[in-house]
Amino acid sequence: MTTKTVAELLAQNVTTQDVTVKGWVRTFRANRFIALNDGSTINNIQCVVDFENFDEALLKRVTTGAAIHVTGELVESQGKGQSFEIVVKTLEILGDSDSESYPIQPKKHSFEFLRENAHLRTRTNTFSAIMRLRSSLSFAVHKYFNENGFYNMHTPIITGSDAEGAGEMFRVSTLDQKKPPLTEDGNIDHTKNFFGKDTNLTVSGQLEAETYAMSLGKVYTFGPTFRAENSNTSRHLSEFWMIEPEVAFMDLAGNMDLAEDFMKSVLSYILDNNQDDLEFLEKRLLDDEKTKPQLERSELSLIEKIKFVVDNNFKRVSYTEAIDILRNCKPNKKKKFKYIINEWGADLQSEHERFLVEKHFKCPVILFDYPANIKAFYMRLNEPDNEGRETVRAMDVLFPGIGEMAGGSQREERLDVLKEKMKALDISEEELWWYLDLRKYGSAVHSGFGLGFERLVMFVTGMGNIRDVIPYPRTPQNAEF
RNA sequence: UCCUCUUUAGCUCAGUUGGUUAGAGCAUCUGACUGUUAAUCAGAGGGUCCUAAGUUCGAGUCUUAGAAGAGGAGCCA
(Lines give C-alpha, C1' and ligand atoms only; values in the text may rest on other atoms or scores of the structure.)
Protein backbone atom coordinates (compact mmCIF):
# COMPACT_ATOMS: atom_id res chain seq x y z
CA MET A 1 0.00 0.00 0.00
CA THR A 2 1.81 3.10 -1.23
CA THR A 3 1.29 6.52 0.26
CA LYS A 4 -0.68 8.82 -2.00
CA THR A 5 -0.77 12.59 -1.97
CA VAL A 6 -3.97 14.38 -1.08
CA ALA A 7 -4.09 15.71 -4.64
CA GLU A 8 -3.93 12.17 -6.06
CA LEU A 9 -6.61 10.88 -3.69
CA LEU A 10 -8.99 13.74 -4.40
CA ALA A 11 -8.50 13.28 -8.13
CA GLN A 12 -9.34 9.59 -7.86
CA ASN A 13 -13.08 10.05 -7.25
CA VAL A 14 -13.88 6.35 -6.78
CA THR A 15 -14.31 4.32 -3.62
CA THR A 16 -10.98 2.70 -2.84
CA GLN A 17 -9.99 0.19 -0.17
CA ASP A 18 -6.76 0.61 1.71
CA VAL A 19 -5.45 4.09 1.02
CA THR A 20 -2.65 5.66 3.01
CA VAL A 21 -1.80 9.32 3.29
CA LYS A 22 0.56 11.50 5.34
CA GLY A 23 0.18 15.17 6.09
CA TRP A 24 -0.34 17.92 8.63
CA VAL A 25 -3.55 18.46 10.58
CA ARG A 26 -5.32 21.71 9.74
CA THR A 27 -8.30 21.26 12.06
CA PHE A 28 -9.82 18.47 14.10
CA ARG A 29 -13.53 19.12 14.49
CA ALA A 30 -15.97 17.45 16.78
CA ASN A 31 -13.42 14.81 17.79
CA ARG A 32 -14.29 13.13 14.49
CA PHE A 33 -13.24 15.11 11.41
CA ILE A 34 -9.58 15.71 10.58
CA ALA A 35 -8.87 18.21 7.79
CA LEU A 36 -5.54 16.96 6.44
CA ASN A 37 -3.21 18.80 4.08
CA ASP A 38 0.11 17.67 2.63
CA GLY A 39 0.95 20.63 0.39
CA SER A 40 0.10 18.81 -2.83
CA THR A 41 -3.04 20.90 -3.32
CA ILE A 42 -4.92 23.76 -1.74
CA ASN A 43 -7.65 21.28 -0.82
CA ASN A 44 -7.69 19.23 2.37
CA ILE A 45 -8.83 15.67 2.59
CA GLN A 46 -11.30 14.93 5.35
CA CYS A 47 -10.37 11.95 7.50
CA VAL A 48 -13.27 10.64 9.57
CA VAL A 49 -12.43 8.99 12.90
CA ASP A 50 -14.91 6.80 14.74
CA PHE A 51 -13.75 8.17 18.08
CA GLU A 52 -15.38 5.45 20.15
CA ASN A 53 -13.00 2.91 18.67
CA PHE A 54 -9.82 4.93 19.11
CA ASP A 55 -7.65 5.50 22.12
CA GLU A 56 -8.62 8.79 23.69
CA ALA A 57 -4.99 9.66 24.49
CA LEU A 58 -4.09 9.18 20.82
CA LEU A 59 -6.91 11.43 19.62
CA LYS A 60 -5.79 14.13 22.06
CA ARG A 61 -2.54 14.30 20.11
CA VAL A 62 -4.35 15.12 16.86
CA THR A 63 -3.73 18.85 17.18
CA THR A 64 -3.43 21.65 14.65
CA GLY A 65 -0.03 21.33 12.97
CA ALA A 66 0.68 17.71 13.96
CA ALA A 67 2.08 15.37 11.31
CA ILE A 68 0.04 12.19 11.01
CA HIS A 69 -0.15 9.01 8.98
CA VAL A 70 -3.61 7.73 8.16
CA THR A 71 -4.77 4.55 6.51
CA GLY A 72 -8.34 3.74 5.66
CA GLU A 73 -10.94 3.58 2.96
CA LEU A 74 -11.74 6.32 0.48
CA VAL A 75 -15.53 6.66 0.35
CA GLU A 76 -18.17 9.10 -0.82
CA SER A 77 -18.74 11.68 1.86
CA GLN A 78 -21.99 11.98 3.79
CA GLY A 79 -21.21 15.62 4.45
CA LYS A 80 -21.64 18.49 2.05
CA GLY A 81 -18.20 20.12 1.98
CA GLN A 82 -16.43 17.41 0.00
CA SER A 83 -17.33 14.59 -2.35
CA PHE A 84 -14.87 12.02 -0.98
CA GLU A 85 -13.33 11.38 2.44
CA ILE A 86 -11.27 8.75 4.23
CA VAL A 87 -12.81 6.51 6.87
CA VAL A 88 -9.83 6.03 9.17
CA LYS A 89 -8.70 2.51 10.06
CA THR A 90 -5.32 3.32 11.59
CA LEU A 91 -3.95 6.58 12.84
CA GLU A 92 -0.31 7.23 13.68
CA ILE A 93 1.12 10.46 15.08
CA LEU A 94 4.38 11.12 13.23
CA GLY A 95 5.13 14.42 14.92
CA ASP A 96 3.25 16.12 17.74
CA SER A 97 2.42 19.79 17.67
CA ASP A 98 1.91 21.57 20.98
CA SER A 99 -1.29 23.51 20.47
CA GLU A 100 -0.45 25.94 23.28
CA SER A 101 2.60 27.25 21.47
CA TYR A 102 2.04 26.45 17.76
CA PRO A 103 1.75 29.91 16.17
CA ILE A 104 -0.49 29.01 13.23
CA GLN A 105 -4.01 28.89 14.61
CA PRO A 106 -7.11 27.82 12.73
CA LYS A 107 -8.11 31.45 12.18
CA LYS A 108 -7.17 34.42 10.01
CA HIS A 109 -3.71 35.84 10.57
CA SER A 110 -2.29 39.14 9.43
CA PHE A 111 0.42 38.98 6.76
CA GLU A 112 2.73 40.91 9.11
CA PHE A 113 2.42 38.20 11.74
CA LEU A 114 2.97 35.44 9.19
CA ARG A 115 6.08 37.21 7.87
CA GLU A 116 7.54 36.86 11.35
CA ASN A 117 6.72 33.17 11.12
CA ALA A 118 7.91 32.73 7.57
CA HIS A 119 9.13 29.21 8.30
CA LEU A 120 5.57 28.11 9.10
CA ARG A 121 3.49 30.40 6.90
CA THR A 122 3.36 27.94 4.00
CA ARG A 123 1.17 25.82 6.29
CA THR A 124 -1.61 28.31 5.56
CA ASN A 125 -3.81 28.13 2.49
CA THR A 126 -2.80 31.52 1.17
CA PHE A 127 0.95 31.01 1.35
CA SER A 128 0.92 27.44 0.11
CA ALA A 129 -1.09 28.68 -2.90
CA ILE A 130 1.34 31.55 -3.50
CA MET A 131 4.40 29.34 -3.35
CA ARG A 132 2.90 26.66 -5.59
CA LEU A 133 2.14 29.41 -8.11
CA ARG A 134 5.67 30.76 -7.76
CA SER A 135 7.09 27.32 -8.48
CA SER A 136 4.80 26.88 -11.45
CA LEU A 137 5.69 30.29 -12.85
CA SER A 138 9.37 29.52 -12.51
CA PHE A 139 8.87 26.34 -14.51
CA ALA A 140 6.85 28.23 -17.13
CA VAL A 141 9.72 30.69 -17.55
CA HIS A 142 12.23 27.95 -18.35
CA LYS A 143 9.68 26.17 -20.51
CA TYR A 144 9.02 29.27 -22.61
CA PHE A 145 12.67 29.97 -23.30
CA ASN A 146 13.51 26.34 -23.89
CA GLU A 147 10.69 26.00 -26.42
CA ASN A 148 11.77 29.18 -28.19
CA GLY A 149 15.39 28.28 -28.82
CA PHE A 150 17.01 30.11 -25.91
CA TYR A 151 19.97 28.79 -23.93
CA ASN A 152 19.93 29.20 -20.19
CA MET A 153 23.15 30.66 -18.83
CA HIS A 154 24.28 31.18 -15.26
CA THR A 155 25.82 34.60 -14.90
CA PRO A 156 28.22 35.14 -11.99
CA ILE A 157 26.79 36.12 -8.63
CA ILE A 158 30.03 37.67 -7.44
CA THR A 159 31.02 40.38 -9.84
CA GLY A 160 34.22 42.35 -10.29
CA SER A 161 32.73 45.24 -12.16
CA ASP A 162 30.92 48.04 -10.40
CA ALA A 163 30.03 49.81 -13.61
CA GLU A 164 26.63 48.29 -14.14
CA GLY A 165 25.05 51.34 -12.65
CA ALA A 166 21.90 49.59 -11.49
CA GLY A 167 22.20 50.62 -7.86
CA GLU A 168 24.10 50.27 -4.61
CA MET A 169 25.96 46.99 -4.26
CA PHE A 170 26.78 44.58 -1.44
CA ARG A 171 30.54 44.24 -1.00
CA VAL A 172 32.00 40.73 -0.95
CA SER A 173 35.18 40.66 1.09
CA THR A 174 37.33 38.29 3.14
CA LEU A 175 39.43 41.10 4.61
CA ASP A 176 39.54 41.54 8.38
CA GLN A 177 36.82 44.11 8.97
CA LYS A 178 38.47 45.49 12.10
CA LYS A 179 41.99 45.76 10.70
CA PRO A 180 41.85 45.79 6.88
CA PRO A 181 45.22 45.94 5.12
CA LEU A 182 45.93 49.48 3.97
CA THR A 183 47.87 50.90 1.06
CA GLU A 184 50.52 53.56 1.58
CA ASP A 185 48.00 56.35 1.11
CA GLY A 186 45.67 54.87 3.73
CA ASN A 187 42.99 53.26 1.54
CA ILE A 188 41.89 49.66 1.86
CA ASP A 189 44.28 47.45 -0.09
CA HIS A 190 42.03 45.29 -2.22
CA THR A 191 44.94 43.45 -3.80
CA LYS A 192 45.07 41.55 -0.48
CA ASN A 193 41.39 40.60 -0.81
CA PHE A 194 40.29 37.12 -1.84
CA PHE A 195 39.93 37.93 -5.53
CA GLY A 196 42.75 40.47 -5.55
CA LYS A 197 40.26 43.23 -6.20
CA ASP A 198 37.11 44.79 -4.82
CA THR A 199 34.13 42.56 -5.55
CA ASN A 200 30.37 42.81 -5.09
CA LEU A 201 27.19 40.80 -5.42
CA THR A 202 25.68 41.19 -8.85
CA VAL A 203 22.98 43.78 -9.54
CA SER A 204 22.29 42.40 -13.01
CA GLY A 205 23.55 39.63 -15.25
CA GLN A 206 22.95 41.70 -18.35
CA LEU A 207 26.50 42.57 -19.37
CA GLU A 208 27.63 38.96 -19.08
CA ALA A 209 24.46 37.79 -20.84
CA GLU A 210 25.33 40.11 -23.73
CA THR A 211 28.63 38.29 -24.19
CA TYR A 212 26.82 34.98 -24.57
CA ALA A 213 24.13 36.44 -26.82
CA MET A 214 26.98 37.44 -29.12
CA SER A 215 27.96 33.82 -29.55
CA LEU A 216 25.01 31.59 -28.67
CA GLY A 217 22.44 33.95 -30.19
CA LYS A 218 19.49 33.68 -27.83
CA VAL A 219 20.21 33.34 -24.12
CA TYR A 220 18.56 34.10 -20.81
CA THR A 221 19.53 34.18 -17.17
CA PHE A 222 17.17 33.58 -14.29
CA GLY A 223 18.98 34.07 -11.05
CA PRO A 224 19.37 35.98 -7.81
CA THR A 225 20.15 39.68 -7.90
CA PHE A 226 21.18 41.97 -5.06
CA ARG A 227 20.60 45.66 -4.44
CA ALA A 228 21.84 47.41 -1.32
CA GLU A 229 19.47 50.33 -1.83
CA ASN A 230 17.78 51.49 1.34
CA SER A 231 14.38 51.29 -0.25
CA ASN A 232 11.48 50.49 2.02
CA THR A 233 8.54 49.81 -0.22
CA SER A 234 6.14 46.98 -0.93
CA ARG A 235 7.70 46.52 -4.38
CA HIS A 236 11.43 46.22 -3.57
CA LEU A 237 13.66 43.53 -2.12
CA SER A 238 17.38 43.55 -1.38
CA GLU A 239 17.59 40.04 -2.83
CA PHE A 240 15.32 39.11 -5.70
CA TRP A 241 15.21 36.90 -8.76
CA MET A 242 15.53 38.39 -12.19
CA ILE A 243 14.79 37.03 -15.63
CA GLU A 244 17.04 38.52 -18.30
CA PRO A 245 16.84 37.40 -21.92
CA GLU A 246 19.40 38.76 -24.38
CA VAL A 247 19.14 38.19 -28.13
CA ALA A 248 21.56 38.87 -30.97
CA PHE A 249 20.31 40.49 -34.20
CA MET A 250 17.13 41.67 -32.46
CA ASP A 251 16.13 45.32 -32.40
CA LEU A 252 13.87 47.18 -29.95
CA ALA A 253 10.67 46.24 -31.79
CA GLY A 254 11.68 42.59 -31.55
CA ASN A 255 12.45 43.11 -27.88
CA MET A 256 8.94 44.42 -27.29
CA ASP A 257 7.48 41.48 -29.18
CA LEU A 258 9.53 39.08 -27.07
CA ALA A 259 8.57 40.68 -23.75
CA GLU A 260 4.88 40.66 -24.62
CA ASP A 261 4.88 37.12 -25.97
CA PHE A 262 6.86 35.86 -22.99
CA MET A 263 4.55 37.39 -20.40
CA LYS A 264 1.41 36.21 -22.16
CA SER A 265 2.84 32.73 -22.44
CA VAL A 266 3.78 32.26 -18.78
CA LEU A 267 0.48 33.78 -17.64
CA SER A 268 -1.55 31.45 -19.80
CA TYR A 269 0.49 28.52 -18.50
CA ILE A 270 -0.62 29.49 -15.01
CA LEU A 271 -4.25 29.80 -16.10
CA ASP A 272 -4.07 26.30 -17.57
CA ASN A 273 -2.23 24.60 -14.72
CA ASN A 274 -2.97 26.30 -11.41
CA GLN A 275 -6.72 26.76 -11.37
CA ASP A 276 -7.34 25.67 -7.77
CA ASP A 277 -4.76 28.00 -6.29
CA LEU A 278 -5.85 30.90 -8.49
CA GLU A 279 -9.48 30.41 -7.53
CA PHE A 280 -8.56 30.32 -3.85
CA LEU A 281 -6.55 33.54 -4.09
CA GLU A 282 -9.27 35.17 -6.18
CA LYS A 283 -11.83 34.39 -3.49
CA ARG A 284 -9.50 35.70 -0.79
CA LEU A 285 -9.17 38.97 -2.70
CA LEU A 286 -12.93 39.26 -3.21
CA ASP A 287 -13.54 38.81 0.52
CA ASP A 288 -10.84 41.36 1.17
CA GLU A 289 -12.43 43.85 -1.19
CA LYS A 290 -15.81 43.60 0.48
CA THR A 291 -14.34 45.55 3.38
CA LYS A 292 -13.22 48.36 1.07
CA PRO A 293 -15.33 51.28 -0.18
CA GLN A 294 -16.90 50.77 -3.61
CA LEU A 295 -14.53 53.22 -5.32
CA GLU A 296 -11.38 51.35 -4.36
CA ARG A 297 -12.62 47.98 -5.52
CA SER A 298 -11.10 46.70 -8.74
CA GLU A 299 -13.28 46.18 -11.77
CA LEU A 300 -11.79 42.81 -12.62
CA SER A 301 -11.25 39.73 -10.48
CA LEU A 302 -7.80 38.15 -10.25
CA ILE A 303 -8.37 35.57 -12.97
CA GLU A 304 -10.10 38.12 -15.19
CA LYS A 305 -7.09 40.41 -14.82
CA ILE A 306 -4.68 37.68 -15.89
CA LYS A 307 -6.93 36.72 -18.80
CA PHE A 308 -7.16 40.35 -19.84
CA VAL A 309 -3.38 40.58 -20.15
CA VAL A 310 -3.22 37.32 -22.10
CA ASP A 311 -5.98 38.31 -24.52
CA ASN A 312 -5.15 41.97 -25.24
CA ASN A 313 -2.25 43.61 -27.01
CA PHE A 314 0.05 45.71 -24.89
CA LYS A 315 -0.21 49.37 -25.84
CA ARG A 316 3.09 50.66 -27.24
CA VAL A 317 3.68 54.34 -26.68
CA SER A 318 6.80 56.41 -27.25
CA TYR A 319 8.06 58.59 -24.43
CA THR A 320 7.28 61.67 -26.54
CA GLU A 321 3.66 60.57 -27.07
CA ALA A 322 3.34 59.77 -23.38
CA ILE A 323 4.54 63.25 -22.43
CA ASP A 324 1.92 64.78 -24.74
CA ILE A 325 -0.82 62.69 -23.15
CA LEU A 326 0.36 63.53 -19.64
CA ARG A 327 0.81 67.23 -20.33
CA ASN A 328 -2.78 67.51 -21.49
CA CYS A 329 -4.43 65.17 -19.01
CA LYS A 330 -6.79 66.38 -16.28
CA PRO A 331 -4.69 65.60 -13.20
CA ASN A 332 -1.77 67.48 -14.71
CA LYS A 333 -3.82 70.55 -15.63
CA LYS A 334 -5.57 70.57 -12.27
CA LYS A 335 -2.19 70.13 -10.61
CA LYS A 336 -3.25 66.88 -8.95
CA PHE A 337 0.13 65.32 -9.69
CA LYS A 338 2.87 65.82 -7.15
CA TYR A 339 5.24 66.30 -10.08
CA ILE A 340 3.69 68.40 -12.84
CA ILE A 341 4.71 67.52 -16.38
CA ASN A 342 5.76 70.58 -18.37
CA GLU A 343 8.85 69.84 -20.39
CA TRP A 344 9.95 67.05 -22.66
CA GLY A 345 12.84 65.35 -20.85
CA ALA A 346 11.24 64.98 -17.44
CA ASP A 347 11.57 61.57 -15.83
CA LEU A 348 8.22 59.87 -15.40
CA GLN A 349 7.23 59.29 -11.78
CA SER A 350 5.18 56.32 -10.68
CA GLU A 351 2.06 58.52 -10.44
CA HIS A 352 2.41 59.24 -14.17
CA GLU A 353 3.00 55.60 -15.06
CA ARG A 354 0.00 54.64 -13.00
CA PHE A 355 -2.15 57.23 -14.75
CA LEU A 356 -1.16 55.95 -18.19
CA VAL A 357 -1.70 52.30 -17.32
CA GLU A 358 -4.66 52.40 -14.95
CA LYS A 359 -6.65 55.45 -16.12
CA HIS A 360 -5.72 56.29 -19.69
CA PHE A 361 -5.02 53.03 -21.54
CA LYS A 362 -6.37 50.55 -18.96
CA CYS A 363 -4.03 47.80 -20.15
CA PRO A 364 -0.33 46.93 -19.98
CA VAL A 365 1.73 49.63 -21.64
CA ILE A 366 5.20 49.52 -23.18
CA LEU A 367 6.87 52.91 -23.11
CA PHE A 368 9.89 53.28 -25.42
CA ASP A 369 12.44 55.75 -26.82
CA TYR A 370 13.27 57.60 -23.62
CA PRO A 371 15.43 60.73 -23.43
CA ALA A 372 19.07 59.67 -23.58
CA ASN A 373 20.18 61.53 -20.48
CA ILE A 374 17.85 59.73 -18.05
CA LYS A 375 18.86 56.22 -19.14
CA ALA A 376 21.86 53.89 -18.85
CA PHE A 377 25.08 54.16 -20.88
CA TYR A 378 24.67 50.93 -22.85
CA MET A 379 21.38 51.82 -24.53
CA ARG A 380 21.31 52.33 -28.31
CA LEU A 381 21.25 56.00 -29.27
CA ASN A 382 18.62 57.04 -31.83
CA GLU A 383 19.13 59.67 -34.52
CA PRO A 384 18.04 63.03 -33.05
CA ASP A 385 14.40 63.80 -33.89
CA ASN A 386 13.40 66.81 -36.00
CA GLU A 387 13.58 69.02 -32.93
CA GLY A 388 17.11 67.79 -32.22
CA ARG A 389 16.18 65.78 -29.12
CA GLU A 390 18.21 62.68 -28.32
CA THR A 391 16.54 59.45 -27.30
CA VAL A 392 17.67 55.89 -26.65
CA ARG A 393 16.00 52.63 -27.62
CA ALA A 394 14.88 51.81 -24.10
CA MET A 395 11.58 50.31 -23.04
CA ASP A 396 9.65 49.83 -19.83
CA VAL A 397 6.76 47.40 -19.53
CA LEU A 398 4.17 48.82 -17.14
CA PHE A 399 1.50 46.68 -15.49
CA PRO A 400 -1.63 47.83 -13.69
CA GLY A 401 -1.21 47.68 -9.93
CA ILE A 402 2.46 46.71 -10.14
CA GLY A 403 4.12 49.50 -12.09
CA GLU A 404 7.36 48.66 -13.80
CA MET A 405 7.30 44.95 -14.55
CA ALA A 406 10.28 44.88 -16.90
CA GLY A 407 12.84 47.24 -18.32
CA GLY A 408 15.08 46.72 -21.31
CA SER A 409 16.69 48.17 -24.36
CA GLN A 410 18.41 47.66 -27.65
CA ARG A 411 22.11 47.81 -26.76
CA GLU A 412 24.58 50.24 -28.28
CA GLU A 413 26.53 48.15 -30.79
CA ARG A 414 28.77 50.93 -32.19
CA LEU A 415 32.14 51.00 -30.48
CA ASP A 416 32.83 54.71 -30.98
CA VAL A 417 29.41 55.80 -29.74
CA LEU A 418 29.64 53.53 -26.72
CA LYS A 419 33.13 54.75 -25.81
CA GLU A 420 32.03 58.35 -26.07
CA LYS A 421 29.05 57.71 -23.82
CA MET A 422 31.21 55.96 -21.22
CA LYS A 423 33.69 58.81 -21.24
CA ALA A 424 30.88 61.32 -20.68
CA LEU A 425 29.58 59.33 -17.72
CA ASP A 426 33.05 58.61 -16.35
CA ILE A 427 32.79 54.84 -16.72
CA SER A 428 36.14 53.08 -16.85
CA GLU A 429 37.05 51.52 -20.23
CA GLU A 430 39.72 49.35 -18.62
CA GLU A 431 37.25 47.66 -16.35
CA LEU A 432 34.78 46.88 -19.13
CA TRP A 433 37.38 45.90 -21.72
CA TRP A 434 35.59 42.64 -22.34
CA TYR A 435 32.28 44.41 -22.86
CA LEU A 436 33.89 46.71 -25.42
CA ASP A 437 35.46 43.69 -27.19
CA LEU A 438 31.95 42.62 -28.19
CA ARG A 439 31.76 45.82 -30.26
CA LYS A 440 35.25 45.32 -31.65
CA TYR A 441 34.83 41.80 -32.93
CA GLY A 442 31.73 40.96 -34.89
CA SER A 443 29.45 43.54 -33.32
CA ALA A 444 25.77 43.33 -34.11
CA VAL A 445 22.43 44.76 -33.15
CA HIS A 446 21.17 43.03 -29.99
CA SER A 447 18.59 43.60 -27.29
CA GLY A 448 17.27 42.30 -24.03
CA PHE A 449 15.30 43.10 -20.93
CA GLY A 450 15.16 42.38 -17.23
CA LEU A 451 12.02 41.27 -15.48
CA GLY A 452 11.65 41.06 -11.72
CA PHE A 453 10.31 37.59 -11.05
CA GLU A 454 8.65 38.59 -7.76
CA ARG A 455 6.72 41.34 -9.51
CA LEU A 456 5.33 38.72 -11.86
CA VAL A 457 4.37 36.55 -8.87
CA MET A 458 2.68 39.57 -7.30
CA PHE A 459 0.61 40.12 -10.40
CA VAL A 460 -0.41 36.47 -10.63
CA THR A 461 -1.29 36.10 -6.94
CA GLY A 462 -2.78 39.55 -6.44
CA MET A 463 -0.57 40.05 -3.39
CA GLY A 464 0.14 43.67 -2.53
CA ASN A 465 3.47 43.23 -0.76
CA ILE A 466 6.52 41.73 -2.47
CA ARG A 467 7.67 40.27 0.88
CA ASP A 468 4.77 37.84 0.66
CA VAL A 469 5.73 36.27 -2.66
CA ILE A 470 9.29 35.15 -1.83
CA PRO A 471 10.01 32.50 0.84
CA TYR A 472 12.42 34.50 2.98
CA PRO A 473 12.39 38.18 2.06
CA ARG A 474 15.57 40.22 2.45
CA THR A 475 14.88 43.88 3.11
CA PRO A 476 16.78 46.62 4.96
CA GLN A 477 17.12 45.65 8.64
CA ASN A 478 15.71 42.19 8.06
CA ALA A 479 17.53 38.94 7.29
CA GLU A 480 15.79 36.58 9.72
CA PHE A 481 15.75 32.91 8.68
C1' U B 1 16.76 58.24 2.86
C1' C B 2 12.08 61.44 3.48
C1' C B 3 6.71 61.93 5.05
C1' U B 4 2.47 59.72 7.70
C1' C B 5 0.56 56.08 10.87
C1' U B 6 1.07 51.92 14.26
C1' U B 7 3.21 49.12 18.68
C1' U B 8 -1.78 46.81 24.91
C1' A B 9 -3.16 38.73 26.21
C1' G B 10 -0.89 33.49 21.56
C1' C B 11 -3.64 36.48 17.29
C1' U B 12 -6.83 40.84 15.83
C1' C B 13 -8.02 45.02 18.39
C1' A B 14 -10.94 48.49 22.27
C1' G B 15 -9.17 51.43 26.32
C1' U B 16 -12.97 58.45 27.47
C1' U B 17 -10.45 65.06 30.15
C1' G B 18 -4.04 61.29 33.18
C1' G B 19 -7.28 58.19 38.45
C1' U B 20 -7.60 53.21 42.01
C1' U B 21 -8.60 45.61 40.16
C1' A B 22 -6.35 47.06 31.92
C1' G B 23 -11.12 44.73 28.53
C1' A B 24 -13.54 42.10 24.01
C1' G B 25 -13.59 38.54 19.98
C1' C B 26 -10.85 34.54 18.23
C1' A B 27 -7.15 30.88 19.79
C1' U B 28 -5.68 27.63 24.03
C1' C B 29 -7.20 24.49 28.29
C1' U B 30 -11.42 21.85 31.08
C1' G B 31 -16.33 19.93 30.58
C1' A B 32 -20.86 18.98 27.64
C1' C B 33 -22.55 17.64 22.73
C1' U B 34 -21.48 14.66 18.31
C1' G B 35 -21.91 14.17 10.39
C1' U B 36 -18.69 18.57 11.44
C1' U B 37 -16.57 21.84 7.66
C1' A B 38 -15.30 29.75 10.59
C1' A B 39 -18.95 23.51 14.58
C1' U B 40 -22.03 24.78 19.00
C1' C B 41 -22.79 25.58 24.50
C1' A B 42 -20.68 26.43 29.59
C1' G B 43 -16.41 27.61 32.41
C1' A B 44 -11.06 28.65 33.26
C1' G B 45 -6.17 30.31 32.61
C1' G B 46 -3.44 33.95 30.10
C1' G B 47 -0.40 41.04 30.47
C1' U B 48 7.56 43.63 31.09
C1' C B 49 0.68 48.06 27.98
C1' C B 50 7.80 48.08 22.39
C1' U B 51 12.47 50.20 25.16
C1' A B 52 14.75 54.17 28.00
C1' A B 53 14.47 58.73 30.33
C1' G B 54 11.22 62.61 31.97
C1' U B 55 6.62 65.52 33.76
C1' U B 56 3.07 64.27 37.80
C1' C B 57 0.50 62.77 44.22
C1' G B 58 -0.62 59.26 40.21
C1' A B 59 1.19 57.41 33.22
C1' G B 60 -1.41 52.17 28.85
C1' U B 61 -2.84 57.53 28.25
C1' C B 62 1.34 63.44 28.30
C1' U B 63 6.84 64.91 26.66
C1' U B 64 11.71 63.56 24.56
C1' A B 65 14.95 59.98 22.43
C1' G B 66 15.42 55.18 20.37
C1' A B 67 13.73 50.39 18.20
C1' A B 68 10.51 47.55 15.19
C1' G B 69 6.38 47.19 11.71
C1' A B 70 2.96 49.19 7.90
C1' G B 71 1.44 52.69 4.01
C1' G B 72 3.19 56.42 0.63
C1' A B 73 7.51 58.94 -1.95
C1' G B 74 12.39 58.57 -4.18
C1' C B 75 15.52 54.71 -6.57
C1' C B 76 14.38 50.69 -9.51
C1' A B 77 13.03 45.13 -11.33
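**Helix 14 and beyond**

Modeller: Let's start just after helix 14, where G462 takes a positive phi of about 75°. Keep in mind that this is a predicted model.

Biologist: And helix 14 itself, which of its residues are buried?

Modeller: F453, E454, R455, L456, V457, M458, F459, V460 and T461 are buried. That makes 9 of the 9 residues in helix 14 (residues 453–461), so the helix is largely enclosed by the rest of the structure.

Biologist: OK, switching to charges. How many salt bridges does a search of the whole structure find?

Modeller: The search turns up 23 salt bridges. One of them joins the side chains of R115 and D468, at 2.8 Å from N to O. R115 sits in helix 3 (residues 111–116) and D468 in the segment after helix 14, so this pair links distant parts of the chain, 353 residues apart.

Biologist: Is D468 buried or exposed?

Modeller: D468 counts as buried, because its relative accessibility is 1% and the cut-off for buried is under 20%.

Biologist: What does R411 pair with?

Modeller: Its side chain meets that of E210 in a salt bridge, 3.9 Å from N to O. R411 is in the loop between strand 15 (403–410) and helix 12 (415–424), while E210 is in helix 5 (residues 206–216), so the pair ties together parts that are 201 residues apart in sequence. Both R411 and E210 are buried.

Biologist: Which residues are in a network with those two?

Modeller: E246 and R439. Together with E210 and R411, they are linked in a network of salt bridges.

Biologist: And R316, what's its partner?

Modeller: R316 forms a salt bridge with E260, with the closest N and O atoms 3.1 Å apart. This pair also links distant parts of the chain, since R316 is in strand 12 (residues 315–318) and E260 in helix 6 (residues 252–273), 56 residues apart. R316 is partly exposed, with a relative accessible area of 30%, whereas E260 counts as buried at 8% relative accessibility.

Biologist: In which sense do strand 3 and strand 5 pair?

Modeller: Strand 3 (residues 45–48) and strand 5 (residues 84–95) pair in the parallel sense, over 3 bridges.

Biologist: Which residue in strand 5 is the bridge partner of C47?

Modeller: That would be I86.

Methods:
Residues are numbered from 1 along each chain as its sequence is written. Chains are lettered from A and ligands numbered from 1 in the order in which they are written. This is a predicted model: local features need pLDDT of at least 70, side-chain atom pairs count only at pLDDT 80 or more; totals for chains, interfaces and linings use all residues. Side-chain values use heavy atoms; hydrogens and water are left out. Two strands pair if DSSP finds at least two bridges between them. Helices (H or I, at least four residues) and strands (E, at least two) are DSSP runs, numbered from the N terminus. Buried means under 20% relative accessible area, exposed over 50%, partly exposed in between (1.4 Å probe, protein chains only). A salt bridge is a side-chain nitrogen of Lys or Arg within 4 Å of a carboxyl oxygen of Asp or Glu.
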